[in-house]
Amino acid sequence: MEVIVKETYEQVSCLAAQMVADQVRRKPRSVLGLATGSTPIGTYAELIRMHKEEDLDFSQVVTFNLDEYVGMAPVQEQSYRYFMNDKLFNHINIRKENTYVPDGLAGDIPAACEAFEEAILEHGGIDIQILGIGGNGHIGFNEPGSSLSSRTRVKTLNAATRADNSRFFATPDEVPRYAVTMGIGTIMDADHIILLANKESKAAVIAAAVEGPLTAMCPASVLQLHPSVVVITDKAAAGLLRGEYPTAPHTLVVK
Ligand code: PGA
C-alpha cells in the first residue's frame, strides 16, 4: 500500500483527480470504478473542472459504480444513480450508456448481479477503482464479516451504516435495509485502487485498514493484499497512523 497524507481535503481530491485524469489521458477507453458518499465529491468536482477547463475527455470512458440501494429508483434523490448523475455524469461528456450502476429495482437481482460482473469483464476489467471507507471498515457495502472473495450480490446493511446514511433521509426508518454491492473479490480484481478518506471521524478505521490485522471485521484491511493501492488521506484522517508516510506519490508523477 502506498499511503499519502495531504494537509487538506482539497489536496486529497486534487491528487485523486490527477491520478484518474492521467489514466484517462493515457487510455481514453479507461474503465473506472466509482464510489458514492461524501468523500469522493471533491474528486468529482475537480474532474468536472478538468473537463471544462483542460479538455479532459470522457467520451470513451466506461464506469462501474460500487453499489446501489435495493428498491431505490434512479429518479429518487437518495439513489446512487441520481448521485452519480448529479455529482459527475451530467457535467462531463461521458455517454450515459457507458455508466453502469447496479440496478436496485431489478426483478431478478441475482441475475442482474451476474450480468453486472459480466459487463465488467466484457469491458476488460476495471483500471482504477475509487473507494471511500465506512466508519465500520466497509468498502462498497461489504459490511464487517463479508467474505473476502465475494462477488456482486445483495448485502444487508448493518445498524452503523444505516445510522451513518440516515443524514440523507427524512427519518432513520427510511434508510433502505438492503443494497446491491460489488463484492470484495470484485473490487480486488481492479488493476489499481485509490482509497480516499478525510476527517478525524475516519482516523480509527484508516489505522485499522492500513496498519491493523487483515480481518473480515475490517473489510478494507484486505486491500493490504492488493499489489497497487494508493491510500490518500487528509491530516485528520491520518491522525492515528503510526507509520511515517509521504505527502506525495512515488508511483505517479504529479505536478
Ligand atoms: P462517506 O461514506 O464518503 O460519506 O464517508 C463512505 C462509505 O460509507 O463508504
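**View 1. Helix α2 and what it packs against.** The buried residues of α2 pack against α1, β2, α3 (80-87) and β9; contact here means heavy atoms within 4.5 Å. This is a predicted model, so local features need pLDDT of at least 70 and side-chain atom pairs count only at pLDDT 80 or more, while totals for chains, interfaces and linings use all residues. Residues are numbered from 1 along each chain as its sequence is written, and side-chain values use heavy atoms, with hydrogens and water left out. Helices (H or I, at least four residues) and strands (E, at least two) are DSSP runs, numbered from the N terminus. The 14 residues of α2 reach 19 Å from first C-alpha to last, close to the 20 Å expected at 1.5 Å a residue; that expected span is 1.5 Å times one less than the number of residues. Buried residues of α2 include Y44, L47, I48 and M50, where buried means under 20% relative accessible area, exposed over 50% and partly exposed in between (1.4 Å probe, protein chains only).

**View 2. Helix α1 and its cover.** Helix α1 runs over residues 9-26, and its 18 residues span 26 Å from the first C-alpha to the last, close to the 26 Å expected.

**View 3. The nonpolar cores.** The largest nonpolar core has 66 residues, and L47, F64, L88, L223 and I232 have the most contacts inside it. Its largest share, 8 residues, comes from α1. A nonpolar core is a set of buried Ala, Val, Leu, Ile, Met, Phe, Trp, Tyr and Cys residues joined through side-chain atoms within 4.5 Å. Zoom in on L47 and you find it touching A17, V20, A21, L56, F58 and L88, leaving aside residues up to four places away in sequence. There is also a second, separate core of 8 residues, which includes Y69, M72, L157 and V175.

**View 4. Around the ligand.** G37, S38, T39, G132, I133, G134, H138, R167 and K202 surround the ligand, each with a heavy atom within 4 Å of it. For T39, a side-chain N or O atom sits 2.5 Å from a ligand oxygen; for H138, the distance to a ligand oxygen is 2.7 Å. R167 places a polar side-chain atom 3.0 Å from an oxygen atom of the ligand. On its own the ligand exposes 280 Å², and the protein buries 80% of that; the areas come from the Shrake-Rupley method with a 1.4 Å probe.

**View 5. N65 in strand β3.** N65 belongs to β3, residues 62-65. N65 is buried, at a relative accessible area of 0%. Not counting residues up to four places away in sequence, N65 touches L34, A35, T36, M84, F89, Y100, V101, P102, F116 and M182.

View 6. K199, in the loop between β9 and α7 (203-211), has a positive phi of about 85° although it isn't a glycine. K199 counts as exposed too, at 51% relative accessibility.

Key
A polar contact is a pair of N or O atoms within 3.5 Å; within protein, one must be able to donate a hydrogen and the other to accept it, and residues adjacent in sequence count only if both atoms are side-chain atoms.
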